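Open your viewer and get ready to click through a few stops. At each one you select some residues and look at what is there.

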Amino acid sequence: MPNAGLFISPETTHAILSPMLIGAGMLMIMDASINVAMEPFRALVGDMLPEKQHTIGFSIQTFLIGIGAVVGSWLPSIMTKIGFSNTAVPGEVADNVKFAFYTGAAILFLSVMWTIFKTKEYSPAELAEFSGKEAEDKCEVKKKNGLVEIAHDFMNMPKVMWQLGICQFFAWFALFSMWVYITPALAEHVYGVTDPSSLEYAQAGDKVGELFGIYNLVAMLFALLLIPIAARLGRKMTHAVCLILGGLGLMSLYFFTDTNMMILSMIGIGIAWASILAMPYAILSNCLPPEKMGTYMGLFNFFITFPQITNGLIHGWIVRNFYGGHAMYALLTGGIFLLFAALSVVFIKEKIKTAQTS
């Protein structure tokens with residue numbers, strides 16, 4: 001990603017295959033690959049644990065995700081403090097960002113390899129035995145066209161997936177707004193600059209990394225509290241309250257010009273982030289047939305990517321034409337969408353026994 005310009009000659013930077021297009025293609029491949037890697041790991045939690053431990057399993061997974069997110073968020077600032085430059089000439093990527101990407105790539109590869117080689121997976125026959133059904137019924141495999149089977153499964157999703165999908169749309173639309181617009185929003189709102197090549201803009205970028213580290217740290221720690229909270233309030237109520245706190249946190253950025261006060265905003269966002277990574281999967285895993293756990297967990301990723309694609313297609317136009325180019329209003333929109341996500345939780349019909357075993 002940081003070296004996209006190396007794949008095209010300077011004379012053709014305005015051609016169809018520009019460095020920007022190559023960078024966007026790399027981002028698409030990277031994002032797709034990470035999602036493809038993540039969903040089977042989520043399915044493993046559903047497969048390897050009994051229903052009453054699903055909340056614990058997904059909360060612990062969120063805790064571990066939080067550790068990586070904290071390190072990743074702070075990497076550019078860490079690189080700056082150990083001597084790498086955080087500024088670059090127009091068209092180049094700062095060294096602190098480059099080496100943060102290199103470090104992240106190495107950690108991603110090693111952690112995925114560790115999981116692949118160190119995790120024992122139950123066989124379909126064992127899963128059938130644990131579920132109390134006849135193994136031969138659960139293990140029967142019919143050879144079908146893969147795309148046809150996926151399309152069939154998508155059209156016949158459990159109703160709870162569509163209900164969760166509405167909540168996911170609002171939540172991930174909000175998150176994408178924050179990830180894309182928070183740096184230009186803070187640069188203008190706090191530092192008074194809009195020039196991406198300025199030193200103040202680079203400082204805003206470093207500050208965003210620190211704030212992201214804080215919300216991921218909050219998410220990492222709060223993930224452990226989700227277990228007793230969900231046991232007391234239920235998964236739906238827990239998720240709704242967390243989303244409300246996240247929405248208020250994201251909207252509050254508009255009212256702060258002191259980045260130290262924005263730590264309060266990050267606490268709310270971190271609480272919502274912890275719940276977004278755990279509660280929908282804990283609710284969903286109890287409603288899926290074991291033999292389709294991996295398939296439906298993968299298809300559930302549609303409700304993560306679709307809102308981000310939608311945001312990417314329309315939100316930039318809205319910011320330019322309705323918000324006067326002021327990115328801070330995109331964060332306000334994101335906060336409102338998190339409140340919509342909390343409201344949509346009401347319409348999720350959870351399995352009755354989930355409330356008894358949470």
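Select K118 and W114: K118 lies over the face of W114, at 5.3 Å from the ring centre. A charge counts as over a ring if NZ of Lys or CZ of Arg is within 6 Å of the ring centre and within 35 degrees of the ring normal. This is a predicted model, where local features need pLDDT of at least 70, side-chain atom pairs count only at pLDDT 80 or more, and totals for chains, interfaces and linings use all residues. Residues are numbered from 1 along each chain as its sequence is written, and side-chain values use heavy atoms, leaving out hydrogens and water.

Next, select W172 and W179. They form an edge-to-face aromatic pair, 5.8 Å centre to centre with 65 degrees between the planes. (Rings of Phe, Tyr and Trp, the last by its six-membered ring, pair if their centres lie within 6.5 Å; planes under 30 degrees apart are stacked, over 60 edge-to-face, the rest tilted.) W172 is buried at 7% relative accessible area, while W179 is partly exposed at 30%. Buried means under 20%, exposed over 50%, and partly exposed in between, with a 1.4 Å probe and protein chains only.

Now move to F337 and F340. Their ring centres are 5.9 Å apart and their planes at 55 degrees, so this pair is tilted. Both lie in helix 13 (residues 328–344), 3 residues apart, about one turn of the helix. Helices are DSSP runs of H or I with at least four residues, numbered from the N terminus. F337 is buried, at 17%, and F340 is partly exposed, at 39%.

Conventions: Helix = DSSP H or I, 4+ residues; strand = E, 2+ residues; numbered from the N terminus.
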